[in-house]
Amino acid sequence: MKFWTNGKPEIIKSPIKPYCYGSKYIPSEAKSTLVNKQLLYNKTNTDPIYKLEFNTWNQLRECCNSNDFYESTLSFIDRVFIDAPELLNKYANTDNLKILYFDIETDSQNILPNAEDNAIIAIGYQFNDKPIQILMSETYNDDKDILQQFINDIKKYDPDLVVGYNSTFFDLPYICSRMKKNGIDPACLTRDNTQPYITDRYAKLNGRVHYDIYTRSVDKDQNLFKWAAPNKKMKTVVRLYGLKNVIEEDQSTLANMRSIVNTQELHDYLTSDIRATKYLSDIYLPALINLAEILNVPLESCINSSPSYVGHMLFFKHFSELGIISDGTVGEMYPELKEKSGATVGSYAPGLYKNKIFKYDIVSFYPHEICTFNLSPETCSLVDINDNIQDFSTNMNDETKILTLSIPDYNLNKQLIIEIDFSKVGFASSFVLDLMEKRLQLKKLMKTLPHDSPEYADADVNQLNIKIILNSITGFYALEYAHYGSASAYCSITGCGRYIISKIMEHIGNIIATDTDGTISSNDLDINDVNTWLEQFILDTFKVPKNYIRMEKETFEAGYFRAENKQYLLIEKGQNTDEFELIVHGASYKGSNLPKLYSRIIVDIGKQMLLLDDSDSIAVKQFEQNIANYYDKSTWILEDIKKRNKCKPISQYKSAGTIGGQLVSQYEKRFKTSIKTDTQLEYVKVKRNHGSEFQLITVFDKIEDIIGIDYNYYEEIVDSAFERLG
């Protein structure tokens with residue numbers, strides 16, 4: 001194993017050999033040792049269990065590829081950090097992190113740049129808090145000098161982390177390609193002079209950690225956003241977090257960067273991008289470091305992990321300490337529960353509400369259920385599944401401290417009998433409770449900070465990061481391929497959740513709609529009285545020692561609800577202001593696969609509709625005129641009607657008639673160059689002309705230049721938006 005500590009490598013022999021467990025069959029290649037271990041699912045197992053050690057990982061995989069073995073598919077590197085956690089302390093980075101923030105700009109002239117033909121015209125970078133450096137080429141087609149200077153500075157400052165935005169997909173592979181073009185070995189980007197390894201998911205620079213803010217924190221962890229970002233462009237994201245003085249070039253300049261080569265305009269633009277990259281890193285990176293420390297794993301493992309990695313490592317570590325091994329995945333142990341029942345969701349009184357309405361939400365419902373009902377894989381057992389569907393019921397045995405849940409699963413048409421052991425505190429419930437307390441402290445801190453301050457943004461991201469960890473635990477319970485999940489715990493969460501929500505609906509009354517963790521009503525109840533009732537209801541019904549489930553109340557000025565579940569618009573008065581804000585909820589309202597014309601109508605007319613005074617004839621007439629204006633095609637702009645499509649090289653299309661095939665063909669014919677990687681292209685719908693229904697759009701095109709726009713198609717889009725508004 002090679003560890004990099006404070007910039008220096010150290011190679012050690014692994015403290016463990018690859019191993020798994022077996023009971024029925026022992027391969028001759030394995031060194032076997034009888035162990036005292038308990039199986040996670042088969043708690044009554046009496047067969048002996050052997051630890052089977054192998055000389056290599058490949059040997060283990062070849063010999064133990066059947067269901068006769070336990071934990072044979074778990075990652076060896078995860079196993080090392082579970083069995084030998086002291087390694088991370090021994091080889092930890094104790095010096096201050098040396099971080100490089102970087103971005104590049106490339107030559108373009110009416111075409112999308114490609115590394116084969118278009119040079120890098122500027123490289124911007126910053127080492128920690130040192131001044132931003134901008135290297136600019138004197139001409140548009142010669143980048144050797146700035147690449148060499150960039151490399152020299154990397155060698156000089158020797159960063160531990162390399163941070164970019166969308167750098168996995170664009171910046172790093174582009175730099176590597178341009179280095180090769182100029183006879184420079186890309187191995188200089190790594191610490192051990194090996195070649196960088198770059199895929200569409202991550203980039204590995206041996207000895208350095210590469211952190212792509214877009215790939216890891218913006219795209220993968222979208223819950224880090226308190227507000228939904230209209231798009232994932234870096235400029236949009238930093239504005240969402242309050243960065244001032246962000247420079248954004250117009251589209252025509254971005255499409256012809258050759259026009260600003262070696263100018264102050266390019267210098268200032270790239271400087272703004274480096275500021276933005278560092279600004280986002282300062283917000284997101286501490287949260288990732290904190291997550292890595294919670295999991296006790298290397299930062300690189302955390303950055304490049306999947307969402308299920310959090311739950312996997314938490315439970316893997318805990319059960320290893322308890323001497324519990326997994327005898328199968330959730331899907332293997334409970335194949336009948338693959339089709340899982342979810343939460344109570346419904347629209348009960350759709351329509352338009354012009355008076356105040358009230359949303360009663362359960363605070364962090366699923367995590368608080370885990371705490372209240374002691375839901376952890378080692379405390380929960382699915383003891384029976386029968387065909388006799390009955391009402392939900394519970395029973396707590398005062399002597400054994402076993403809570404029995406009888407849960408109707410109407411999705412399966414089965415009754416699930418689950419037992420929860422309250423004689424011991426489950427790992428998950430205590431861990432979740434600790435995280436909930438930390439999140440509460442961060443929220444209290446946020447109330448003392450200015451909303452536009454970096455400190456507020458940092459606290460906000462950290463509390464949302466905790467929310468992601470909490471949600472990942474609940475999701476991991478039900479994950480089909482999870483070794484340490486718990487179908488019984490997940491079914492307890494959803495089953496108890498459905499029952500509690502149903503009783504809340506009865507108590508509050510006049511229900512308009514419900515979703516996973518709350519309900520909307522026209523009844524105005526005192527939230528303290530509701531929580532007093534809820535507390536007593538939980539304690540009386542489940543006989544648990546303590547209840548953590550509570551509700552909060554939000555007031556809305558107006559709302560519109562469709563008959564479809566979770567499709568609604570709400571009007572909320574802004575905090576400390578008289579401004580009204582529209583909350584759009586539901587996929588059919590967001591129209592993410594439709595032109596912006598659709599979403600513009602939903603937001604504009606939807607807000608007007610909810611705030612309209614029906615008794616004001618002048619306001620009503622103006623409202624009707626505003627509706628009519630959307631059918632006037634002369635008011636449409638290109639931004640309203642164009643859409644985007646992720647396109648691939650033309651050779652990968654089986655048919656040229658697809659949207660992507662048409663767009664790529666038009667692009668390559670127009671710009672006399674081929675598309676070599678996945679590329680976002682924009683288009684409009686046109687009347688069929690020589691087989692084409694979609695016309696490529698670039699920054700050079702204007703709406704008046706487009707011949708044969710399919711206005712009937714766009715009028716149907718307008719119709720669809722107004723139909724959604726009723």
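These legends walk through close-up views of the predicted model shown above.

This is a predicted model, in which local features need pLDDT of at least 70 and side-chain atom pairs count only at pLDDT 80 or more, while totals for chains, interfaces and linings use all residues. Residues are numbered from 1 along each chain as its sequence is written, and side-chain values use heavy atoms, with hydrogens and water left out.

View 1. Eight of the eight residues of β8 are buried, so the strand is largely enclosed by the rest of the structure; buried means under 20% relative accessible area with a 1.4 Å probe, protein chains only. In a regular strand, side chains alternate between the two faces of the sheet. Both faces of β8 are covered, with I99, Y101, D103 and E105 buried on one side and L100, F102, I104 and T106 on the other. β8 runs antiparallel to β9 (residues 120-127), joined by seven bridges, and T106 has I120 as its bridge partner there. On β11 (residues 161-164), which runs parallel to β8, there are three bridges, and L161 stands opposite I99. Two strands pair if DSSP finds at least two bridges between them.

**View 2. A four-stranded open sheet.** The strand order is β4-β6-β3-β7, with antiparallel pairing. At the edges sit β4 (31-35) and β7 (69-70), each pairing on one side only. Two bridges link β7 to β3 (residues 19-22), and F69 is the bridge partner of G22.

**View 3. The largest cavity.** A cavity is a set of points on a 1 Å grid over the protein atoms alone where a 1.4 Å probe fits but cannot get out, and lining residues have an atom within 4 Å of a point. Eleven residues line the largest cavity, and R201, D212, T215, I303 and N304 are the closest to its centre. Both β14 (209-212) and α6 (213-220) give two or more residues to this lining, and α6 gives the most, with three.

**View 4. N182 in its loop.** N182 is found between α5 (167-181) and β12 (197-198). N182 is buried, at a relative accessible area of 17%. Leaving aside residues up to four places away in sequence, N182 touches D143, K144 and L147, where contact means heavy atoms within 4.5 Å.

Key
1 Å grid on protein atoms, 1.4 Å probe; cavity = no way out; pocket = protein on both sides within 12 Å on 5 of 7 lines; lining within 4 Å. Buried < 20%, exposed > 50% of the residue type's maximum accessible area, 1.4 Å probe, protein only.
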